[in-house]
Amino acid sequence: MLVQDRVPAKSPKSKIKPTINHHHEDLHQRFSESKSLDFSTWVSENFYKIITVTVLIATVAAIFFLRSSGDTAAFLYLQSQAQPLDKAHHFPRINWNNIPAIIDKSSPYANFRSEKWIVVSVSHYPSDSLKKLVRIKGWQLLAIGNSRTPNDWSLKGAIFLSLEQQASLGYRVSGYVPFDSYLRKSVGYLFAIQHGAKKIFDADDRGEVIDDDLGKHFDVELIGEGARQETILQYSHEDENRSVVNPYVHFGQRTVWPRGLPLENVGEIGHEEFYTEIFGGKQFIQQGISNGLPDVDSVFYYTRKTSLEAFDIRFDERAPKVAMPQGVMVPVNSFNTIYHSSAFWGLMLPVSVSTMASDVLRGYWGQRLLWEIGGYVVVYPPTVHRYDTVGGYPFSEEKDLHVNVGRLVKFLVAWRSSEHMLFEKILELSFAMAEEGFWSEQDVKFTAAWLQDLLAVGYRQPRLMSFELDRPRATIGHGDRKEFVPRKFPSVHLGVEETGTVNYEIANLIRWRKNFGNVVLIMFCSGPVERTALEWRLLYGRIFKTVIILSWQKNKDLAVEAGHLDHMYKHLPKIFDRYSSAEGFLFLQDDTILNYWNLLQADKAKLWITDKVSKSWTTVSTNRNTDWYAKQAEMVKKVVGSMPVHFQVNYKGAMKSDQSLVIGSSDIFYIPQHFVADFVDLVGLVGDLDIHQKVAIPMFFMSMDSPQNFDSVLSTMVYKRKPPPDNSTLYSAQAPAVHPWNVSSEQDFIKLIRIMAEGDPLLMELV
């Protein structure tokens with residue numbers, strides 16, 4: 001897992017010493033003075049002492065075990081239960097109306113003002129990513145140094161604050177923040193607010209903003225001319241038991257989860273049944289998704305890859321942004337997030353927890369308080385790209401996060417306050433979190449210092465809004481339900497050696513890919529490509545070299561090419577030429593399902609077609625049929641008459657009669673590379689003649705080779721001219737192909753995948 005140059009903070013909890021060690025010395029003295037008694041007598045005389053000593057030893061051992069095991073969260077929780085904070089003595093009392101202003105008199109930037117700031121922590125010389133960040137138009141980059149930052153750090157266009165400069169600013173928080181940590185960004189936030197900030201992009205020095213334009217991805221303006229006047233999809237609040245979601249599912253990655261998601265929620269990979277909508281304008285915290293290496297925890301990082309490969313995970317850039325309703329939370333990080341001024345109070349990074357947990361706890365804490373002012377968090381499609389160049393952090397540095405985060409979310413959703421000022425609520429929640437052991441009393445004091453500093457640099461706390469969480473949730477009507485079916489990007493599989501059934505299934509996938517990995521699949525979609533093109537690529541792209549999608553109309557966004565089904569053969573030569581190194585070309589209509597696992601025995605050097613499938617090919621007499629057949633027969637006769645001798649011999653040997661015409665299904669056929677030139681020549685002979693696909697394809701095949709030489713792999717396919725009332729009764733996983741089958745929507749595709757999983761169980765990863 002990769003976040004920033006983070007060093008685990010030395011928590012004040014580690015300074016607490018057990019207070020019962022002297023008992024151990026007393027016990028040692030007692031046992032050293034043994035008496036000349038037999039064992040049973042000694043036990044009977046000292047029975048109660050033995051019980052007391054045993055209990056004391058067990059207590060000491062338990063405390064030392066918790067301390068030494070690294071489970072600081074569990075130890076803190078134990079202490080908080082044994083020694084709860086006394087609110088009368090430990091709750092900070094602040095006179096909010098008597099806080100003197102802090103004026104920047106020491107820095108060279110005392111008179112500088114900017115509304116849009118990028119705040120980063122720097123521990124090394126400027127990275128390439130940071131050099132790109134500083135050039136983003138309209139934004140001022142603020143780099144915050146720490147004890148590991150080079151003394152001569154500089155970057156043209158950036159404001160750099162060293163430790164000495166930070167100390168001279170006079171902020172109360174400076175004394176609480178570790179010197180060697182990215183948590184010093186809290187000082188930077190205050191500096192930006194003091195110098196006119198209205199928006200702060202919380203970033204790190206490894207992320208590159210996509211297209212170098214934050215305004216293209218985020219809602220930088222919420223009001224005024226630059227604001228987008230639009231509605232925003234929102235997760236449904238219908239499930240009252242749901243308090244946290246994995247937003248990566250919405251953006252196409254079901255098997256990836258963000259750092260800070262409770263591990264018990266990792267298995268929730270299904271997409272939303274429906275969404276609702278809200279009006280934009282109060283998305284005060286905007287969380288961006290990161291391509292490349294997203295914000296993932298150590299559990300994901302070390303179980304989904306080998307040590308020698310780098311993650312390059314992509315999310316759906318076309319998926320709409322999505323908001324969280326009251327009662328539902330999402331992990332928020334500190335390297336790809338925009339905070340608007342109404343949520344600046346939520347930038348505080350707690351100091352008594354590990355650095356790997358600080359921004360996550362801040363995000364949940366801030367979301368809960370955001371509800372009090374009517375704001376919400378919105379998650380956006382990919383906004384930055386981060387490269388996986390450094391190893392992940394060990395699980396031990398996140399252990400307190402994994403132990404506590406699920407309990408924290410439940411606690412925050414249930415928490416209520418009767419205070420009448422936002423800052424009073426913030427302070428009360430921080431105290432309550434210390435009572436519950438989520439952080440220590442140090443963060444209560446830090447919160448008090450942070451809030452006072454905010455007021456001192458000129459920040460005005462937002463007004464509270466009526467809070468409706470305890471009211472019965474509004475019923476979601478049918479008209480309020482908005483559908484969005486996320487794209488399903490390929491899953492990020494385990495990077496460890498798998499055994500048993502899974503190993504067998506993956507071996508099959510490798511075998512199929514090895515067999516067809518140099519075969520191009522050309523597919524014609526008669527249905528709506530907006531709903532199916534990507535799904536077909538996802539299904540068959542795992543097996544074939546590439547999947548070419550054609551339809552009645554071109555769709556540039558989906559890489560769908562235009563073609564006319566009745567004359568599809570005329571489009572094929574261009575595709576053949578494009579993939580001249582391919583082993584062969586398999587044509588498929590979307591009304592035919594291909595069971596690729598049953599095609600391994602086929603000879604890829606031969607032609608495949610459905611000539612031996614009952615009702616697929618029909619020979620008709622041109623003397624006893626309609627004008628259409630007669631016209632088609634006349635054109636075929638003209639083409640055959642112009643054929644070179646080897647084509648004529650093959651065709652006439654297969655047809656037997658000049659007065660007949662073959663009408664053949666062209667839903668599926670295969671052409672090996674060494675027949676491509678013949679096929680192209682035959683298309684050239686047809687020229688501008690209006691020969692139908694179902695006439696031309698049988699004519700081409702019988703001209704290229706004798707039907708007795710065709711591979712018979714398709715002879716056992718399921719073929720019906722009309723589908724039965726229940727499609728599922730038609731399907732057979734033992735057949736090489738099934739016709740007909742209708743797929744016109746995401747739901748149809750999901751049903752198909754579940755049926756096909758009988759032959760390829762790994763397909764269930766796609767739904």
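In which strand does E208 lie, and which residues does it span?

Reply: E208 lies in strand β5, which covers residues 207-209. Before going further, two notes on the ground rules. This is a predicted model, so local features need pLDDT of at least 70 and side-chain atom pairs count only at pLDDT 80 or more, while totals for chains, interfaces and linings use all residues. Residues are numbered from 1 along each chain as its sequence is written, and side-chain values use heavy atoms, with hydrogens and water left out. Strands are DSSP runs of E with at least two residues, helices are runs of H or I with at least four, and both are numbered from the N terminus.

Back to E208. With a relative accessible area of 15%, E208 is buried (buried means under 20%, exposed over 50%, and partly exposed in between, using a 1.4 Å probe and protein chains only). The E208 side chain makes a polar contact with the side chain of K132, at 3.1 Å. A polar contact here is a pair of N or O atoms within 3.5 Å; within protein, one atom must be able to donate a hydrogen and the other to accept it, and residues adjacent in sequence count only if both atoms are side-chain atoms. If you leave aside neighbours within four places in sequence, E208 is in contact with S129, K132, T383, V384, H385 and Y387 (contact means heavy atoms within 4.5 Å).

On to a charge over a ring: R386 lies over the face of F335, 3.9 Å from the ring centre. To count, NZ of Lys or CZ of Arg has to be within 6 Å of the ring centre and within 35 degrees of the ring normal. R481 also has its charged end over a ring, that of F274, at 4.1 Å from the centre.

The rule takes rings of Phe, Tyr and Trp (its six-membered ring) with centres within 6.5 Å; planes under 30 degrees apart are stacked, over 60 edge-to-face, and the rest tilted. F344 and Y459 have ring centres 6.2 Å apart and planes at 40 degrees, so that pair is tilted. It links distant parts of the chain, 115 residues apart: F344 is in the loop between β10 (336-340) and α12 (355-370), and Y459 in the loop between α15 (441-456) and α16 (500-516). F344 counts as buried at 1% relative accessibility, and Y459 is buried too, at 8%.

F576 and F679 make an edge-to-face pair, 5.7 Å centre to centre with 75 degrees between the planes. F576 is in helix α18 (residues 572-578) and F679 in helix α21 (residues 676-686), 103 residues apart. F576 is buried at 3%, and F679 is buried at 0%. Ring pairs also link W512, W536, Y540, Y596, W597 and F749 into a cluster.

Last, a sheet for context: five strands form an open one in the order β14-β13-β12-β15-β19, with mixed pairing (two strands pair if DSSP finds at least two bridges between them). β14 (560-562) and β19 (668-672) stand at the edges with a single partner strand each, so one side of each has no neighbour in the sheet. Strand β13 (residues 546-551) pairs with β14 in the parallel sense over three bridges, and I549 has V560 in β14 as its bridge partner.
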